[in-house]
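Subject: Structure for you to look at

Hello,

I am passing on a structure, shown just below. Please have it open while you read the notes after it.

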Amino acid sequence: MAKTLEKMRKHIAKKRNGAVEALHENSRDSKKLHRAQIRDDRLDKLAQTRRKKDKPLILRARFFQKFVQQNDNKPLELEAIQAKIHEFVHQYDEEYSEVKAIRRAGRPASTREDLLRMKIETLEKEYGEGFYLPDLTTKENVELLNRFEGSWPFLTNLAWVKVSSAGNVKPSSFPPQGL
């Protein structure tokens, strides 16, 4: 993905008739190459951070996509959606209890245990206030979710809703704010 570095290398090679290897370390051209390399590294880090931030929503969409596919791509009732949300929220409970059981009495919680506990608490809090998921009650949205291939830009095509534990459904926009 080092586009800037390659462009700069090509530009310098064109100017020097193909010899990019014989640069003085403090020359203008070597400084240009260094700046291009630093810029590419910075852009790679930003892209990696963005992918890491987007991953939970992609995994959430995949989870509900599998559920829709198991249900023959038909729109779902609110009760079935809430049951699946409950399953999603409590998917880490078993692993959390295993990690907790392994820990000796009187010892502090491990990092893994703390992370799992925080994930579970965050998902439960979100479910109480309104769980963010693709709208599974309309045929058009279910068909779109079925075609989801795992890319972030595709998620903007879907209609999203927030379903609370009380059964309230509110339309929402993508990407979510404050998730």
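This is a predicted model: local features need pLDDT of at least 70, side-chain atom pairs count only at pLDDT 80 or more; totals for chains, interfaces and linings use all residues.

Residues are numbered from 1 along each chain as its sequence is written, and side-chain values use heavy atoms, with hydrogens and water left out.

Side chains of opposite charge can pair when their charged atoms come close. A salt bridge here is a side-chain nitrogen of Lys or Arg within 4 Å of a carboxyl oxygen of Asp or Glu. The search of the whole structure found eight salt bridges.

One of them joins Asp29 to Lys15, with 2.9 Å between the closest N and O atoms. This pair links distant parts of the chain, 14 residues apart: Asp29 is in helix α2 (residues 28–70) and Lys15 in helix α1 (residues 3–15). Helices are DSSP runs of H or I, at least four residues, numbered from the N terminus. Asp29 is buried at 7% relative accessibility, whereas Lys15 is partly exposed at 48%. Buried means under 20% relative accessible area, exposed over 50%, and partly exposed in between (1.4 Å probe, protein chains only).

Lys84 pairs with Glu87, the closest N and O atoms being 3.0 Å apart. Both lie in helix α3 (residues 78–89), three residues apart, about one turn of the helix. Lys84 is buried at 12%; Glu87 is partly exposed at 41%.

Finally, Asp114, Arg117 and Glu121 are linked in a network of salt bridges.

Regards

Key. Helices (H or I, at least four residues) and strands (E, at least two) are DSSP runs, numbered from the N terminus.
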